[in-house]
Structure formats: structure tokens, C-alpha cells
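This report covers how two chains meet and then turns to selected local features. Please look over the structure before reading on.

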Amino acid sequence: MATVQEKLITPIAGGASEGPWNKVTVVGVGQVGMACAISILLRELPDELALVDVVEDRLKGEMMDLQHGSLFLKTPKIVADKDYTVTAGSRIVIVTARVRQQEGESRLNLVQRNVNIFKHIIPQIVTHSPNCILVVVSNPVDIMTYVTWKLSGLPKHRVIGSGCNLDSARFRYLMAEKLSVHPTSFHGWILGEHGDSSVPVWSGANVAGVNLQTLNPDIGTDQDKEGWKETHKMVVDSAYEVIKLKGYTNWAIGMSVADLTETLTKNLSRIHPVSTMVKGMYGINEDVYLSLPCVLNNSGVSSVINMTLNAEEVAKLKKSADTLWGIQKDLKDL
Amino acid sequence: MATVKDKLIQEINPGKPVVAGAKVTIVGVGQVGMACVISVLQSNVADDVTLIDVMKDKLKGEVMDLQHGSLFLKSTITAAEDYSETANSKLCIITAGVRQKEGESRLNLVQRNVEVFKHIIPNLAKYSPDAVLLVVSNPVDILTYVAWKLSGFPSHRVIGSGTSLDSARFRFLIGEKLKINSTSVHGYIIGEHGDSSVPVWSGTNVAGVTLQSLNPNLDTENDPEEWKNIHKQVVESAYEVIRLKGYTSWAIGLSVSTLAQSILKNLQIVHPVSCLVKDLHGIKEDVFLSLPCVLGSSGVCGVLKQPLKESETTRLKKSSETLWAVQKELKL
């Protein structure tokens, strides 16, 4: 007896549909992973979303919760599994998986533990999506992007770290508030190592092309009577502040990752401050990842903008490179 | 000495805008509240989103986290110190309340949440006397009644998210079975949000073709395709997701955002939401149940007169009696 479906519908094309063309995978369904997932879905970017994690119940629950919202989204297929075959055919893979820092644990130890889980994750991703672009969010992001690049065997332009994308977004928000304009109208870049040693490029800070440093040559220095340097400090302290208040951060990083994903999937050639392989630039000779303004398109990092940095800024980048390499050279099993 | 700002910008007309924008207040920054916030923010329908909660640090942290994403948004976000900062909201979404425990029925939550509402609702009403109130906290139908009583608002301005999520789940599951997008599957679950909700199979259709005309046994136990299971799955959905991840958030956040859009933009879209149903379908009590409502900037503009089978009307009346039995014992 014919089913309702058979009576209702006359098939024309027949067979399975083609694609997916814009599949996004998110590895790790913690607060950061899910914030990335919901922001990406709300921007209507993927035609398929896959979630992967090791905690099976939570993973299935998150998948179901998103599927139940399908009526309001434009992503017709949302899947999840701890088996990586579910990620096959992804264009973008966002890695948020990480171990939790233990009290008093050294950075090297934390990184080595993260390397051990990435050894399980990254090769499987590449096996199932050999043409993907990897976006690493897990901290310490610059080191983990290097680790991902090594473990993936992918060309360097297809492995990106979220890096200073969020730092720069926070910087633009905080600066814009002081100037009473919208963040999109304040242009400023924070580059280098994500975290305490990031570099605010004051020489480029501008609104409508009006360079702030020409209005105040002391801007960003200790001599500055207006104390603009404080804004960069606020950016560095941001994550700690939010963590102190709510236990973790997720919404801002989720939105910033969705913004990167939009540029990548739509081949926009927008410029973002993301972590990329900087060997050979600014006198850096090691294999390290630091954030620079990168032109992103559907093949990943297509080019890097040659920022005019002063001697002090270049010195900071080199110092970061040395610190990162200091840890990276001791990592085992890469 | 002139500051950078003075040198940069020639001020013309600084200060607050004259015409009030579309302001939304969301009460409660738990998982549901925050899922509502992120969905409302990304839909760009609100000019200002104000959050309020009793947990001050969490509130401050959540607002800070959202503000750090301002580069990607088109709304201002505020953490209210007290209810005076929620003033002049066009829409107030209430998600505050204690959470359903695993296996706990919605009715068990009642009195615990009534006490919470006694603090919230009169304050919202005082500072935004013209707002529409949208209740999400469970048990939603009872708490929408409570919000109506405590606010003193006309009933058309107090609605509950009701079965809008149940209906979304219903359409998703039918869509999966027919391999059609849920937006092309039309069907309503009405009545009490939860275990006793009523799927209106007689109206469920794709492109105007009602499924029941193709399979008259669709809503019975004699159906080899077991369509009736779909409703059962909808009812169990929330319990299932809670069992797996501890709570539900994304789907309810998305459905609430859709309701917010219809209200703020005066779209007159029909949504199944919890509204005062006294004198509809033969119901005599002051209860709120979900029916297909036309939603606009003043709340419920109209209710669709869905032809229901006797079995469906009976179930609505039974829900009404159950809810009233609980409501009349409440200390309001």
C-alpha cells in the first residue's frame, strides 16, 4: 500500500541530492564550540553542519536541540557523531577541542596534553576532508595552530588560527565606545601573539582615514596624557574579566569565528587579523604562527598585508616568535 | 588641551536619539535566556537589548561577552542594574525561573516559579506599561496566566511561547519523514505545552494537500506508517534533550526570536502561542492555551478559528480544567 510520501510526491530528479557544497564541521561541543555553531547557523552559511566530540550524550543532545530549530534556519542537514566519518566533505573545520588547564600546570605541560588529543583529531579530519580549511580556536591558539599544521600535512595557507581576530574586535569596540562611533567605523589592528603579548598597531588606528596618531603623537605610549594605552590593556584583560564573572567566554569568540567563516565560505577576500605562518617575515626564522592582516578567500590565506610596523612593534613580534618556538621545539610526537 | 575625540569629530547633534527605538528586555540570563538573546541579536530586529537577572556577576559577564562582539552586531546591549533600566521596552521576554529537573513534569515547577514572577512582572509592567509580555518559563501556560494577573495588562498583550516550539519540532519531524524542508510542511500543535498538547492532524498539509486526505488513519492506532508517533516524539523531545545535555536552549531561543520578529515588526504572522482562550472552543475558565494567533506590535491581533474535531476540543477542555485546578490554588 502506498505511503503518504508516495501519494503526495512524484519524484523527478531521483536519487540522492548532490553536495554538500558548504559543509562546516565544529570539533568540540563545549560552550565555545556551540557558540561558533549557533553563530554560523544564524548567518545561514553552511548547507550542512557536523558536530564531533568524545562526550556522546552531550553531543547527541546538542545536535537534537539544533535540529529542533530547523524551521528557523537555512541549514537542512545537521549531524553529529564521535566517529569522524560524519565530517566527510567539509570545506571548513573549526577546532575548539582542548583539555582544561590544571592548577599550577606549566604552559608546556598543558600544550603537550593538547598535542596528544590533537594527534587523535587532526589526522582524522584531514582523512575525511582533504580539501578543507582548518580554523583553530583552542588555546594557546598560536601554538595549537602550529601543531595543527604539523599534524595535518596541509599547506600552510589552509591552516588558520583565530588568533587576534577577537582581540581586534574587542579593541575596535572599546576604542569606538570612547569615540562615540560604531565599532565598524573604527579601524585598528591588534597583531602578533594572542594574549598578553599582543601588539596594538597604533600607527594604523583611524576613523574615516583620519589617523589618530597624527592627532596625538603620544597615543599608545606611557607619555600619553589621555591614557589610550589603557584600552589595549583592557583588551588583554577582557577574557579574564569575563571568565571571572561568568566562568568562561563564548559569545564574542563564536561571533568572530562566524565572521571568519563567512569570509572563507563566500570567497570574500576580506582582511582579518588571524594567525598564519610568519617564517620569513619581519626577520622571523622559526616555524611559528602569529596574527597578521590576512586576505582570506575560499582557499584560505591568499595573501598577507605588509603592515608598516615600527622597530618596537617588530621587536615584540620577534620576542613572541622566540617564546613560542621555545615551547614548540620541546613538543613530542609532532 | 583638545582630546583626540575633539580633534577628530566636529559635533553636530550629540546625545540620545529623540525617537525611541525597538527595545527588548530579556529577564533571565540562563541557557534559555542567552539562547534567546543571541538569536534576537543576530536577527537585527531590536535596536536595544537589555538583560536583567538577580545573579549580578553572571549578568555582567554575559553582557560584557556580547558587547565584545559588537563589531558583528547592530544593536546595543545593556545590563540593567534594576528594573528602571528596562523602561520603555516594546517587548519583554521572561525566561527566569527554576529549571525543570530530569523527569520532573512542568506542573511541579509551578509554585516555585510563581514566587519568582511576583518580583519580576509588576516591575516590568511598571516601567514598560505598553509592552507585550512574552513568557517562556515553564509551566508556560500557567505562568502566562500568572503574568497576566500580576501585570494588570489586557490579555492580548500577554502571551506565552506555548506550543510554538512543539509545532516547530512537529514540522521538523514530519519534514524528515517526507524529505521536505520543515518550512514547506504546515501543521499546528495546539493546547497545553507539554504532555497534553494536541496535534491538529486535520490541518497538517504540504502545498495545501492535507496528509490526512492521503491517509485517513493517520491519527489512529491503525496506521501502519505510525504517523501518530511523531506527536509522541515531540512530547518526549524536551525530556530527551534534557537527559542528554542537561537542558534545552537553541531551539527555544530560535522560536522565541521568530515571535519577537513578528511583534517588533508588526508582521501579522500566524504563530501557535499561548493566549487567553476563555470563550473559545467552549472553554469557560480563565486559562491560557496555545492556538494559532496573528501576532503584531500590540500582541495578539486575532485568533484563527480552526475547525477542530470533537476529540480535539475535548482535549483542550480537559487541559483547561487541569490548568484551572492548579491555578485556583495559587497564591497570587
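How much area is buried between chain A and chain B, and what share do carbon and sulfur atoms give? In this predicted model, the area buried between the two chains is about 5600 Å². Carbon and sulfur atoms give 69% of that area.

## The interface

The size of an interface is often given as the accessible area lost when the parts come together. Chain A brings 58 residues to the contact, and chain B brings 57 residues.

Polar pairing also runs across this boundary. There are 23 residue pairs in polar contact between chain A and chain B, both partners being at pLDDT 80 or more. Several helices of chain A give two or more residues to the side that touches chain B: α1 (4-8), α2 (31-42), α3 (56-67), α6 (165-179), α7 (212-215), α8 (229-246) and α9 (251-265). Of these, α3(A) gives the most, with 9 residues. By type, the residues on this side of chain A split into 27 nonpolar, 17 polar and 14 charged.

## Salt bridges between the chains

Side chains of opposite charge can pair when their charged atoms come close. Over all chains, the whole structure holds 30 salt bridges. Across the interface of chain A and chain B there are 5.

One of the salt bridges joins B:Asp65 to A:Lys246. Their closest N and O atoms are 2.8 Å apart. Are these two residues buried or exposed? B:Asp65 has 0% relative accessibility, so B:Asp65 counts as buried. A:Lys246 has 7% relative accessibility and therefore counts as buried.

## Salt bridges within a chain

B:Lys228 and B:Glu221 meet through their side chains in a salt bridge, at 3.2 Å from N to O. The accessibilities of this pair are as follows. B:Lys228 is partly exposed, with a relative accessible area of 36%. B:Glu221 counts as exposed, because its relative accessibility is 68%.

A further salt bridge links B:Glu236 with B:Lys232, at 3.5 Å from N to O. Where do these two residues lie? Both sit in helix α8 (residues 228-245) of chain B. They are 4 residues apart, about one turn of the helix. B:Glu236 is partly exposed at 41% relative accessibility. B:Lys232 is partly exposed at 48%.

In chain A, salt bridges link up into a network. Its members are A:Arg43, A:Asp259, A:Glu262, A:Lys266 and A:Arg270.

## An antiparallel sheet in chain A

In which order do the 3 strands of this open sheet of chain A run? The order is β7-β10-β11, and the pairing is antiparallel. β7 (186-187) and β11 (210-211) stand at the edges. Each has a single partner strand, so one side of each is left without a neighbour in the sheet.

The pairing can be followed residue by residue. β7(A) is joined to strand β10 (residues 206-207) of chain A by 2 bridges. A:His187 has A:Asn206 in β10(A) as its bridge partner.

Strand β5 (residues 132-135) of chain B has side chains on two faces. B:Val132 and B:Leu134 point one way, while B:Leu133 and B:Val135 point the other way. All of them are buried.

β5(B) pairs with strand β4 (residues 91-94) of chain B through 4 bridges, and the two run parallel. Here B:Ile94 has B:Val135 as its bridge partner. β5(B) is also joined to strand β6 (residues 158-160) of chain B by 3 bridges, again in a parallel run. In that pairing, B:Leu134 stands opposite B:Ile159.

## A buried glutamate in a loop

B:Glu192 lies in the loop between β8 (189-191) and β9 (197-199) of chain B. Why does B:Glu192 count as buried? Its relative accessibility is 10%, and buried means under 20%.

What does the side chain of B:Glu192 meet in a polar contact? The partner is the side chain of B:Ser319, at 3.2 Å. Leaving aside neighbours within four places in sequence, B:Glu192 is in contact with B:Asp141, B:Thr163, B:Ser197, B:Leu289, B:Ser319 and B:Leu323.

How values were computed
Residues are numbered from 1 along each chain as its sequence is written. Chains are lettered from A and ligands numbered from 1 in the order in which they are written. This is a predicted model: local features need pLDDT of at least 70, side-chain atom pairs count only at pLDDT 80 or more; totals for chains, interfaces and linings use all residues. Side-chain values use heavy atoms; hydrogens and water are left out. Contact means heavy atoms within 4.5 Å. Buried area is the accessible area (1.4 Å probe) that two parts lose on being put together, summed over both. A salt bridge is a side-chain nitrogen of Lys or Arg within 4 Å of a carboxyl oxygen of Asp or Glu. A polar contact is a pair of N or O atoms within 3.5 Å; within protein, one must be able to donate a hydrogen and the other to accept it, and residues adjacent in sequence count only if both atoms are side-chain atoms. Ala, Val, Leu, Ile, Met, Phe, Trp, Tyr, Cys and Pro count as nonpolar, Asp, Glu, Lys and Arg as charged, and the others, Gly among them, as polar. Buried means under 20% relative accessible area, exposed over 50%, partly exposed in between (1.4 Å probe, protein chains only). Two strands pair if DSSP finds at least two bridges between them.
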